[in-house]
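Look at the sequence and the structure below.

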Amino acid sequence: MAYRVKAAVFYRPHEPLAVEELELEAPRQGEVLVRVAACGVCHSDLHFMEGLVPIASPSVLGHEAAGVVEAVGHGVESVRPGDHVVLSFIPACGRCPYCAVGRPNLCTVANRAMSRGTMLDGTPRFAKEGRPVYQMGAIGGFATRTVVPEAGCVKIREDMPLDRAALLGCGVMTGVGAAINTARVQAGSDVAVVGCGGVGLNVVQGAALAGAGRIIAVDVLPHKLELARQFGATHAVDASREDPVAAVRQIAAGGVDYAFEVIGRPETIRQAFDMTRRGGLTVVVGVAPAGAEVSLPAGAFLTEKTITGSAYGGARMSVDVPRLVELYLAGRLKLDQLISRRYPLEGINDAFDALRRGEVARSIVAM
Ligand code: PAD
Ligand code: ZN
């Protein structure tokens, strides 16, 4: 059986998404049909739309989603119709070498599906007049319904509001996870976060949850710095008015223990590295344009600094998502304040324009 759905489709860079009807195939073995409740608008989707990062086309974008299970394919055991789920854009296989050593965010099988824009078997479930339409992160969340791998479904408590749960699917997991899982920020340590958008604000709140001492927010927009203070930043640096490296080094004598880059540009990656103190850790969260390179001062390696990337906040979704839900319901994780605007699916291009202009912490598309 096929379903008719409404979805936002990416055809080529520098064009608005087309909101149109697609066919959606029923879930195959090990797959799940989900009615999407909400999907967040992340800068990673914007990178595809701006042609900075390649993606299969045509493609349904959207990878920060939550919804309700409507049907399951053969062999699905972990969820059933009616369950509330957060979707994972890295549906880890559980068997590859990365999964086996406890690094499911690096799963070979899921990352291959992600780069192809398909389910784990190499085919997508959306189609337009019989021709395949790919799905970002094995999700394609800007749609009224989608089919995802069972491994991409994380069951959550039904008293968790689904619109806020959607944010856990990317921005919150990526940001909080970069601080807690990737960097393992130590209580009392000094942290700088370069870029305080939807993901960076969550690095700030992840550092606060970990008990960091100074948390220095760096952005070029004063209202982002104001938001960062609400999420736990103790200091703010406006990089449009002063040199952020000098400013951070002055606030945290000589630099911070952990600096996070959450924009995706070679210059700001270099800034984050330069504001990291001797022996400290630089974490690159931002996704840089395809082919971009970063240069680092070779002499700095004598200072035993470490630089690493963070993919999906080192997520172990089945463990981390329920923990984040509990923290939210206990009033210890800010999600309400992240949702600056809500758009209907028809307004999705306005949501991306607002993101491009830096107007929002996060917008969600509510189906
Ligand atoms: P966003 O547009 O909401 O936030 C970016 C922020 O950076 C904005 O607040 C800007 O004002 C700020 N900014 C821009 N230029 C500068 C500058 N020169 N100095 C300081 N601040 C600046 O984006 P987002 O938070 O949705 O995403 C941020 C990046 O994280 C982006 O590259 C996205 O692709 C990446 C990402 N990575 C992963 C991952 O797994 N690593 C997951 C999700 C998103
Ligand atoms: Zn994202």
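## Tyr312 and other backbone features

Tyr312 sits in the loop that runs between β16 (306–309) and α10 (317–329). In this predicted model, phi of Tyr312 is positive, about 55°, although the residue is not a glycine. Tyr312 counts as buried because its relative accessibility is 5%, and buried means under 20%.

A positive phi in a residue other than glycine is also found at Glu129, where the value is near 45°. Glu129 belongs to the loop between β7 (126–128) and β8. With a relative accessibility of 67%, Glu129 counts as exposed, since the cut-off for that word is over 50%. Another backbone feature is the peptide bond from Ser57 to Pro58, which is cis, with omega near -5°. Pro58 is placed in the loop between α1 and β4 (59–60).

## Two domains

The domain assignment of the protein gives two parts: domain 1 (2–169 + 334–366) and domain 2 (175–311). Taken over C-alpha atoms, the centres of domain 1 and domain 2 are 28 Å apart. In the contact between them, 15 residues come from domain 1 and 18 residues from domain 2.

Some atom pairs show how ligand 1 is placed. One of its oxygen atoms is 2.6 Å from an N or O atom in the side chain of Asp219. An oxygen atom of ligand 1 is also 2.7 Å from a polar backbone atom of Ile263. A nitrogen atom of the ligand is 2.8 Å from a polar backbone atom of Val285. Taken alone, ligand 1 exposes 870 Å², and the protein buries 90% of that.

Glu31 is part of strand β3 (residues 31–40). Is Glu31 buried or exposed? At 5% relative accessibility, Glu31 counts as buried, because the limit is under 20%. Its side chain makes a polar contact with the side chain of Arg125, at 2.8 Å.

Leaving aside neighbours within four places in sequence, Glu31 is in contact with several residues, including Val72, Gly73, Met119, Arg125 and Val147.

Ala138 lies in the loop between β8 (131–135) and β9 (145–149). Its relative accessibility is 1%, so Ala138 counts as buried. Apart from neighbours within four places in sequence, Ala138 is in contact with Pro91, Thr118, Met119, Val147, Val148 and Pro149. Val72 is 66 residues from Ala138 along the chain, and the C-alpha atoms of the two are separated by 16 Å.

Thr282 is found in strand β15 (residues 276–284). Thr282 is buried, with a relative accessible area of 0%. Not counting residues up to four places away in sequence, Thr282 touches a set of residues, among them Ala259, Ala272, Phe273 and Thr306.

Key: Residues are numbered from 1 along each chain as its sequence is written. Chains are lettered from A and ligands numbered from 1 in the order in which they are written. This is a predicted model: local features need pLDDT of at least 70, side-chain atom pairs count only at pLDDT 80 or more; totals for chains, interfaces and linings use all residues. Side-chain values use heavy atoms; hydrogens and water are left out. Helices (H or I, at least four residues) and strands (E, at least two) are DSSP runs, numbered from the N terminus. Buried means under 20% relative accessible area, exposed over 50%, partly exposed in between (1.4 Å probe, protein chains only). Contact means heavy atoms within 4.5 Å. A polar contact is a pair of N or O atoms within 3.5 Å; within protein, one must be able to donate a hydrogen and the other to accept it, and residues adjacent in sequence count only if both atoms are side-chain atoms. Accessible areas come from the Shrake-Rupley method with a 1.4 Å probe; for residues, only the protein chains shown count as cover. Domain bounds come from an automatic or database domain assignment.
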